[in-house]
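Dear colleague,

I am passing on the structure we spoke about, and below it you will find my notes on what came out of it. Please read them with the model open beside you.

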Amino acid sequence: ACGGGGDDSGDGGGDGLVIGFAQVGAESAWRTANSASIQAAAEAAGHELKFVDAQQEQEKQIAAVRDFITQQVDAIVLAPVVETGWTDVLQEAADAEIPVILADRGVEAADEDLYVTRLGSDFAEEGRKAGAWAAETFADDADGTKILELQGTTGSAPANDRKSGFFEVLDAEGLNYEIVDSQSGNFTAEEGKAVMETFITTHGLDGIDLLYAHNDEMGLGAIQAIEEAGKVPGQDIQIIIVDGSKAGFQAGVDGKVNYIVECNPAFGDQLMDVVESVVNGDEVEKFTPVEEGVFDATQFEAELPNRQF
Ligand code: GYE
C-alpha cells in the first residue's frame with residue numbers, strides 16, 4: 001500500500017490517521033456505547049474519525065465506504081449490518097489499497113480475503129453460552145421445552161450465530177424442545193415488543209417456557225408485551241438476553257430476566273491498536289475476540305453497578 005494515504009498529512013503530527021467508520025446505526029444501548037468507545041479512542045489516539053451512522057441500512061454503509069474511498073482515508077472500519085452483499089465494495093477498497101478492518105459484525109466466508117481482520121465478539125459462543133444455561137435449566141422438563149426466539153436483524157452475523165450456537169448446544173445436550181416461533185425484532189425494543197405481541201396473539205403464553213432474545217432491547221420490549229398480557233416475565237416465562245446493559249441488568253435485579261450473556265462494546269482502544277498495526281503493515285490475526293462473561297440471578301445485583309452502558 002505504498003501509494004496510500006498519509007502522504008498529505010505532513011502538517012505537523014505525522015501519526016494522526018484518517019479513519020472512515022461505517023457504523024451500523026444507533027439501535028441499542030450496546031451500539032451507542034460502542035460508537036462512544038470508538039470515537040473516544042480515536043480522539044485519544046490523535047486520529048481523525050469520519051463517522052457515519054447507517055441507520056441499519058446496508059445501502060447507506062456501502063455509500064459511506066465508497067465515500068471513504070473517494071476521500072482516500074488511511075483505513076476503513078466497517079461494522080457490516082448484514083453478512084452478505086459486500087464483495088463489490090470491498091473489492092473497490094482493495095483496488096484503492098485502503099485496508100478494511102471489520103469491527104463487531106462479520107461478513108460471509110466468501111469475502112474473507114477482502115478485509116484484513118475482524119475485532120469483535122464470538123457470537124456463536126454467546127449463543128452456546130445461552131444454550132448451555134437453557135439445556136441445564138430445562139433438563140428435567142419432561143413434556144418438552146417450548147421456546148420463543150426473538151432474532152436480531154435478519155442476515156446479521158450476531159443473529160445468525162447466536163441462533164446457531166444456541167440450538168447447537170440444545171441438540172448436543174439432547175434437550176427435548178420445540179421452537180414455537182422465531183422471528184426477527186431487528187435488535188430494537190419497539191420491534192421486539194411488536195413481535196412478542198404477535199407471538200402472544202398467535203400462541204398464547206400458557207405452556208411457553210422460555211424466551212431467547214438476541215439482545216437486551218428486544219427482551220425489554222418483550223417484557224412489556226408480556227406484562228401487558230397479564231403475565232409475569234421471569235416467572236411465567238423465563239427469559240435470556242444478550243448484551244448486558246444497565247437496563248438489562250436492572251430487569252434481572254427486578255426478577256424479569258433469568259440469564260444474561262454479556263456482549264462487550266467497549267473495544268475502541270483495542271480497535272485503534274489494530275488499525276495502527278494494519279496501517280503499519282504489521283501482521284495481525286484474522287479475528288480477535290472480545291472477552292465476555294455470563295450472569296445468572298445470583299449475580300445480577302452485585303454486577304449492576306459495574307455495567308458501563
Ligand atoms: O448485540 C445488539 C446490537 O452487533 C453485537 O448489535 C452487536 C449487536 C448487539 O444491535 O444490541
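This is a predicted model: local features need pLDDT of at least 70, side-chain atom pairs count only at pLDDT 80 or more; totals for chains, interfaces and linings use all residues.

As to the overall fold, the protein contains ten helices and twelve strands. Its radius of gyration is 21 Å, close to the 19 Å that the globule rule gives for 309 residues, so the protein is as compact as a globular protein of that length. Along its principal axes, the C-alpha trace spans about 70 × 40 × 30 Å. Of the 309 residues, 50% count as buried, and among contacts between residues at least 6 apart in sequence, 77% join residues at least 24 apart.

The largest nonpolar core has 47 residues, of which Ala130, Leu211, Tyr212, Ala213, Ala222 and Ile240 touch the most other members. Helix 7, covering residues 216-228, gives the most to this core, with six residues. Leaving aside neighbours within four places in sequence, Ile240 is in contact with Ala130, Trp133, Ala134, Tyr212, Ala213, Asn258, Tyr259 and Val261. There is also a second, separate core of 40 residues, which includes Leu78, Val89, Leu90 and Tyr115. In soluble globular proteins, nonpolar side chains tend to be buried together.

Glu136 has its place in helix 4 and is exposed, because 12 other C-beta atoms lie within 10 Å and a residue with 12 or fewer counts as exposed. Although Glu136 and Leu170 are 34 residues apart in sequence, their C-alpha atoms are 9.3 Å apart in space. Phe138, by contrast, is found in the loop between helix 4 (123-137) and strand 6 (145-151), and is buried, because 20 other C-beta atoms lie within 10 Å and 20 or more is the requirement for that class. Apart from neighbours within four places in sequence, Phe138 is in contact with Thr145, Leu175, Asp209 and Leu210. The C-alpha atoms of Phe138 and Ala266, which are 128 residues apart along the chain, are separated by 33 Å.

Gln56, in the loop between strand 2 (48-53) and helix 2 (58-70), has a positive phi of about 60° although it is not a glycine, and Gln56 is partly exposed, with 19 other C-beta atoms within 10 Å. Asp104, in the loop between strand 4 (100-103) and strand 5 (117-120), likewise has a positive phi, of about 70°, without being a glycine, but Asp104 is buried, with 27 other C-beta atoms within 10 Å.

With best wishes

How values were computed: Residues are numbered from 1 along each chain as its sequence is written. A nonpolar core is a set of buried Ala, Val, Leu, Ile, Met, Phe, Trp, Tyr and Cys residues joined through C-beta atoms within 7 Å. Helices (H or I, at least four residues) and strands (E, at least two) are DSSP runs, numbered from the N terminus. Two residues are in contact if their C-beta atoms, placed from the backbone, lie within 7 Å. The radius of gyration is taken over C-alpha atoms; the globule rule is 2.2 Å times the number of residues to the power 0.38.
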